[in-house]
Structures are given as structure tokens and as C-alpha cells.
Amino acid sequence: MDYVIEDQKPQISDELRLIPMWSVALAIALFAAVQATVHLYLAQHQHNLPPRGFLVFWSVAWGTVIAVYTVMVGYVTRDAKRRGMNRALWTPLVIFMPGAIGLVLYFLLRQPIVTACSQCSASIVPGMNFCPQCRFQLAPTCPQCQRTVRITDAFCGNCGENLAEAHAYKDAMRR
Ligand SMILES: [Zn+2]
Ligand SMILES: [Zn+2]
């Protein structure tokens with residue numbers, strides 16, 4: 001029996017691959033801009049500056065925060081797309097809401113990753129056992145109560161149906 005069992009837990013490496021290059025480039029540019037502003041501009045135009053060690057710490061810390069946040073915005077633009085969420089709404093929300101509230105909201109409210117039926121390519125939400133468009137079986141289910149079962153289960157965990165027998169019966173019917 002062929003089932004399409006999608007791994008619903010994305011790997012860290014997959015998540016990192018999702019980050020677009022433009023956001024990494026922008027993050028590096030913004031980090032450099034913060035350093036330049038603090039060390040070149042302020043040093044020349046401001047008097048009674050705080051000690052140099054504090055300035056270096058301050059500029060690196062803020063540069064890092066801004067760079068990481070830029071990469072996160074890039075991630076959100078890609079992640080929202082694969083989850084079928086409105087990018088035009090979420091991207092400005094994540095960028096402009098103060099204190100990273102937009103980003104926190106995004107991770108709290110994001111939808112599950114949408115996959116496609118291998119038969120008819122209709123959108124599949126995780127947890128579905130059958131494709132809602134073509135009835136293609138996405139996960140093994142109990143023939144009695146239609147709940148999801150594991151392919152190794154001998155009996156249904158919900159209704160106790162003897163799955164091995166049911167499968168044998170089905171296979172015999174097919175011949
Ligand atoms: Zn389908
Ligand atoms: Zn059952």
C-alpha cells in the first residue's frame with residue numbers, strides 16, 4: 001500500500017534554506033551601516049561621547065539585533081507563502097509593529113504548512129486522511145471507523161477492528 005505520509009516537522013536545515021538571499025545581504029548591509037554611523041559619523045560630529053568600549057558594544061549589539069530581525073522578516077515572507085497566509089498583510093506587520101510584536105504574533109498565529117495531493121494537487125491541510133477533492137487516501141485509516149491508524153498497527157486503537165484481517169480481506173477482494 002502506498003501512502004503519502006508527510007513529515008510535518010520541518011528540519012532546521014530546511015528552515016534555514018527558506019531564508020531568502022536578499023534578506024541576508026540586507027542584514028549585512030544594515031549591520032555595516034550601523035557600525036559606520038556610530039564609528040564614522042558620531043565620532044566626528046558628536047562631542048563628549050561615551051567611552052570607546054561602550055560604543056563598540058552598543059553598535060555591535062544593535063547591529064546584530066537589526067541584522068537578525070531583517071533575516072527573520074525575509075523568513076516570514078517565504079514561510080507565509082508556503083502556509084497560504086497573506087504576505088502583503090504579515091510582512092508590514094512584522095516590520096512595523098514595535099517591540100517585535102508582529103513577529104511574535106506571526107509565530108503564534110501561523111497556519112500549518114499546506115501540502116498538495118499527489119493525485120490531483122489540491123491543497124491538503126495536515127490531519128486530513130483523504131483528499132477533499134479526489135478522495136485519494138493520504139494516511140492509513142481504519143476501514144471500520146475511518147480514524148487514522150499506524151501502518152504497523154494490528155488493531156484499530158479506536159474501535160478495535162482487526163486491521164490485519166481487514167487488509168487481508170481487502171487484498172483478497174482485489175484479486
Ligand atoms: Zn486529490
Ligand atoms: Zn477503527
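**A close look, starting from one residue**

Guide: Thr-91 lies in helix 4, residues 87-96, where helices (H or I, at least four residues) and strands (E, at least two) are DSSP runs, numbered from the N terminus. The model is predicted, so local features need pLDDT of at least 70 and side-chain atom pairs count only at pLDDT 80 or more, while totals for chains, interfaces and linings use all residues. Residues are numbered from 1 along each chain as its sequence is written, chains are lettered from A and ligands numbered from 1 in the order in which they are written, and side-chain values use heavy atoms, with hydrogens and water left out.

Thr-91 counts as buried because its relative accessibility is 17%; buried means under 20% relative accessible area, exposed over 50%, and partly exposed in between (1.4 Å probe, protein chains only). A polar atom of the Thr-91 side chain lies 2.8 Å from the backbone oxygen of Arg-87. A polar contact is defined as a pair of N or O atoms within 3.5 Å; within protein, one must be able to donate a hydrogen and the other to accept it, and residues adjacent in sequence count only if both atoms are side-chain atoms.

We now turn to the chain as a whole. The protein chain has six helices and two strands, and along the sequence they follow the pattern α-α-α-α-α-β-β-α. Of its 175 residues, 29% count as buried.

How many salt bridges does a search of the whole structure find? There are six, a salt bridge being a side-chain nitrogen of Lys or Arg within 4 Å of a carboxyl oxygen of Asp or Glu. Glu-15, Asp-79, Arg-82, Arg-83 and Arg-110 are linked in a network of such bridges. Glu-15 lies in helix 1 (residues 12-18) and Arg-82 in helix 3, so the pair ties together parts that are 67 residues apart in sequence. Glu-15 is buried, at 14% relative accessibility, whereas Arg-82 is partly exposed, at 24%. Asp-79 and Arg-110 also meet through their side chains in a salt bridge, 2.9 Å from N to O. This pair links distant parts of the chain, 31 residues apart: Asp-79 is in helix 3 and Arg-110 in the loop between helix 5 (101-109) and strand 1. Asp-79 counts as buried because its relative accessibility is 0%, while Arg-110 is partly exposed at 27%. Another salt bridge joins Asp-153 and Arg-150, with the closest N and O atoms 3.3 Å apart; Arg-150 is exposed, with a relative accessible area of 59%.

Next come the metal sites. The zinc ion (ligand 1) is coordinated at 2.2 to 2.3 Å by the SG atoms of Cys-117, Cys-120, Cys-131 and Cys-134. Donors are N, O and S atoms within 2.8 Å of the metal (3.2 Å for Na, K and Ca); water is not among the atoms, so sites may look incomplete. The donors of this zinc ion (ligand 1) have the spacing C-x2-C-x10-C-x2-C along the chain. Cys-117 lies in the loop between strand 1 (115-116) and strand 2 (123-124), and Cys-134 in the loop between strand 2 and helix 6 (163-174), so this pair ties together parts that are 17 residues apart in sequence. Cys-117 is buried at 3% relative accessibility, and Cys-134 is partly exposed at 33%.

Trp-22, Leu-26, Leu-30, Phe-54, Phe-57, Trp-58, Trp-62, Val-65 and Ile-66 form a nonpolar patch with about 890 Å² of accessible area together. Helix 2 (21-45) and helix 3 (52-82) are the elements that give two or more residues to this patch. Patches are made of residues with over 30% relative accessible area and no salt bridge, like charges being joined within 9 Å and nonpolar side chains (Val, Leu, Ile, Met, Phe, Trp, Tyr) within 5 Å. Accessible areas come from the Shrake-Rupley method with a 1.4 Å probe; for residues, only the protein chains shown count as cover. Helix 3 supplies the largest share of the patch, six residues. Val-65 has its place in helix 3 and is partly exposed, at 48%.
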